[in-house]
Amino acid sequence: ERPLMLWVGYQDPHNPFDPPARFRAPYAPDAMPSPIGRDVDDTPLPPHLRAFRRSLSGFTDHDWRTLKALYYGSVSFMDAAIGRLLQTVERRLDMRHTIVVYLADHGEILGDHGICGKWAYHYDACTRVPMIWRQDGRWAGGARRSAIIELGDFAPTLLDAAGIGAGPAMDGASYLPLLAGESLPGWRDHAYVE
């Protein structure tokens, strides 16, 4: 009957990766791809990155694959939890008047480049994160869009989608036209990452 906002945050997938056994089982470490970029000359890298790589140099390929398998199991565990929440929302709310957004603040490097985590290492595995928008009857399901989006753009876009509009002092910009499959004239060609 009235506007409602529900903000749900999950800690997982997050280190230590320890999903329940039923979510761990489908992901065999031996079936996981090996990390990329581990065997490179790290001489030109910054000292802190070289030190971090060396602190993890004892990890074997199997160790990294095991970490990746546990991470994938953790992602599946979260998918199931989010699915349960969405089933309840779908039963109780009109999805034509409900905006659902799924996003993450960072990815995991999982052994690529000889490191893991996020920290100050801005590889694609860390900075390219999922973002899914849904409003039945408004945006095409399964469509993919491509643009350089920052997390600071999320609030202005959500406010725009809700018909409220962002204030002039708000960081970021609305990319609402992108969700409808339209272009973003004059949109940025870079992103600020820290």
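Visitor: In the largest nonpolar core, which residues touch the most other members?

Guide: In soluble globular proteins, nonpolar side chains tend to be buried together. In this predicted model, the largest nonpolar core has 13 residues, and Leu 56, Leu 67, Ile 115 and Tyr 121 touch the most other members. Helix H2 (47–55) and helix H3 (61–92) are the elements that give two or more residues to this core. H3 supplies the largest share, 3 residues.

Visitor: With which residues is Tyr 121 in contact, leaving aside its neighbours within four places in sequence?

Guide: Beyond those neighbours, Tyr 121 is in contact with His 48, Leu 49, Phe 52, Ile 109, Ile 115 and Cys 126.

Visitor: How many disulfides does the count come to?

Guide: A disulfide is a covalent bond between the sulfur atoms of two cysteines. Here the count comes to 0 disulfides. For the sulfur of Cys 116, the closest cysteine sulfur is that of Cys 126, 11 Å away and therefore too far for a bond.

Visitor: Are Cys 116 and Cys 126 buried or exposed?

Guide: Cys 116 counts as buried at 19% relative accessibility, and Cys 126 is buried with a relative accessible area of 7%.

Visitor: Which residues make the nonpolar surface patch?

Guide: Leu 6, Val 8, Tyr 10 and Leu 85 make this patch, of about 340 Å². Val 8 lies in the segment before helix H1 (21–24). With a relative accessible area of 40%, Val 8 is partly exposed.

Methods
Residues are numbered from 1 along each chain as its sequence is written. This is a predicted model: local features need pLDDT of at least 70, side-chain atom pairs count only at pLDDT 80 or more; totals for chains, interfaces and linings use all residues. Side-chain values use heavy atoms; hydrogens and water are left out. Patches are made of residues with over 30% relative accessible area and no salt bridge: like charges are joined within 9 Å, nonpolar side chains (Val, Leu, Ile, Met, Phe, Trp, Tyr) within 5 Å. Accessible areas come from the Shrake-Rupley method with a 1.4 Å probe; for residues, only the protein chains shown count as cover. A salt bridge is a side-chain nitrogen of Lys or Arg within 4 Å of a carboxyl oxygen of Asp or Glu. Helices (H or I, at least four residues) and strands (E, at least two) are DSSP runs, numbered from the N terminus. Buried means under 20% relative accessible area, exposed over 50%, partly exposed in between (1.4 Å probe, protein chains only). A disulfide is a pair of cysteine sulfur atoms within 2.5 Å. A nonpolar core is a set of buried Ala, Val, Leu, Ile, Met, Phe, Trp, Tyr and Cys residues joined through side-chain atoms within 4.5 Å. Contact means heavy atoms within 4.5 Å.
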